[in-house]
Amino acid sequence: MSLLVLGLSHHNCPLDLLERISLDSAARRALGHELAGSEHVAEVVVVSTCNRTEVYTEAVTFHGAVSAVTEALGSVTGVERHDLTERLAVHYEDRAIAHAFRVAGGLDSMAVGESQIRAQLRASLHEAQEERVVGPALNGLFQQALRVGKRVHTETGLANVAGSLVGAGLAVAGAHVGPIEDTRVLVVGAGAMAALAAITARRAGAGRLTIANRTLARGQALAERAGGDAVRLSELPQALAAADIVIACVGSPGVVITEAMAAEALTHREGRPQAYIDLALPHDVSHAVADLPGAIRVGLEHLAETLHTDGVDPEVAAATDIVTGEVAAFLTARSAQAAAPTIAALRARATEVLDTELARLAGRTPDVDDATRREVEIAMGRLVDKLLHGPTLRVKELAASGRIEAYADALAELFALEPETVASVSVPPPFEPAADRDPAGGAR
């Protein structure tokens, strides 16, 4: 089996297609179940955020898994297969591990360094665990990816780069409505991106900051942190009329700010211009708002182009170094784990031979005292350990170099050990996909 990641992100997919394949929790769970029933996929975790929709799998067969994921993703989202295949990114084994670590570290996000991705990955893993479609391979990958993401966050200043997305939006908006210090900023939503937007706007010197959220208590908590006030989402029409810059970060199904709402707000502004920054996926602000006189709409598609820069930020470089080292360490650990059954088989065979010879010696020397017999056993045990030292190192080298598949040849060369012996020693029981379990949790 092999780690395989397939998906679409802001790197390779237009925003309208990303919106079409964006999955809520119910859709992620449905996709996971559909894939877990495939003969080509042993484990699955589905991740869908404002920047990406990706399917992480422990694949039984490469081509079969690619086909199964593509068909299932099309089935759940209603997107045609050819629209997916021409843009679907594929990450396999080493590259899949590196990709997962980069995503968790915030290096692969549109807003580089954004920290909410870790919570989104954790939520996706939790969903897969609840649905029982994930096993040891992806559990291990995601747990380590989350640790890597936390390390990047605590050991580098990459989180400070995340404000670039909001900052770029504010720069465009400021060119339309005037200096940020003289503006009123309305943030719609109170989640992680909304918090980033509110704090960034306040640090940029926003004249007044207001948070509009469905749950007033959450909005008030964010307003207190960012130095603003809060209103209920039901008061959005009045709040829109008062705002010079509106930053929308809800991302719920359906448009939150319609063309009619924006047009009504503009009628109360006595000719003063207004800017809408839409950071949500699916989008919160109707695209038609951009056509209203006096208003502009700045969406993720525009910001993605704005943020393309030359050179490497030092914090990005530091985070990349951490990820590179963590990938190497993870691969080494996986290699050692892959070699463990082979090493155990070697030692089991040696123990069997040693026990046989000691029993034969005991039968031929019944008069030897216990102390002497014990010394003989210790000496023979040491001899076996020394003889196994070289073969053990060799097996570890094969695993570390990615050639553990050739262990049967190595064993045949060293000890004439049959591959079946390896398969029966120190191997954990196989993970049962959900399709193989009854509702009570037992095997069918």
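In this predicted model, the second largest cavity is lined by 13 residues, of which Gly-105, Gly-113, Arg-118, Gly-149 and His-153 lie nearest its centre. A cavity is here a set of points on a 1 Å grid over the protein atoms alone where a 1.4 Å probe fits but cannot get out, and lining residues have an atom within 4 Å of a point. Helix H5 (94–105), H6 and helix H7 (136–155) each give two or more residues to this lining, with the largest share, three residues, coming from H7. Helices (H or I, at least four residues) and strands (E, at least two) are DSSP runs, numbered from the N terminus.

The model is predicted, with local features needing pLDDT of at least 70 and side-chain atom pairs counting only at pLDDT 80 or more, while totals for chains, interfaces and linings use all residues. Residues are numbered from 1 along each chain as its sequence is written, and side-chain values use heavy atoms, with hydrogens and water left out.

The search of the whole structure finds three cavities of 30 Å³ or more, and two of them are set out here.

| Cavity | Volume | Lining by class |
|---|---|---|
| Largest | about 70 Å³ | five nonpolar, three polar, four charged residues |

Ala, Val, Leu, Ile, Met, Phe, Trp, Tyr, Cys and Pro count as nonpolar, Asp, Glu, Lys and Arg as charged, and the others, Gly among them, as polar. A volume is the space filled by probe spheres set on the points, which are joined across faces, edges and corners. The lining of the largest cavity includes Arg-28, His-33, Val-45 and Glu-127.

Note on methods:
On a 1 Å grid over the protein atoms alone, a cavity is a set of points where a 1.4 Å probe fits but cannot get out, and a pocket is an open set with protein on both sides within 12 Å along at least five of seven lines; lining residues have an atom within 4 Å of a point.
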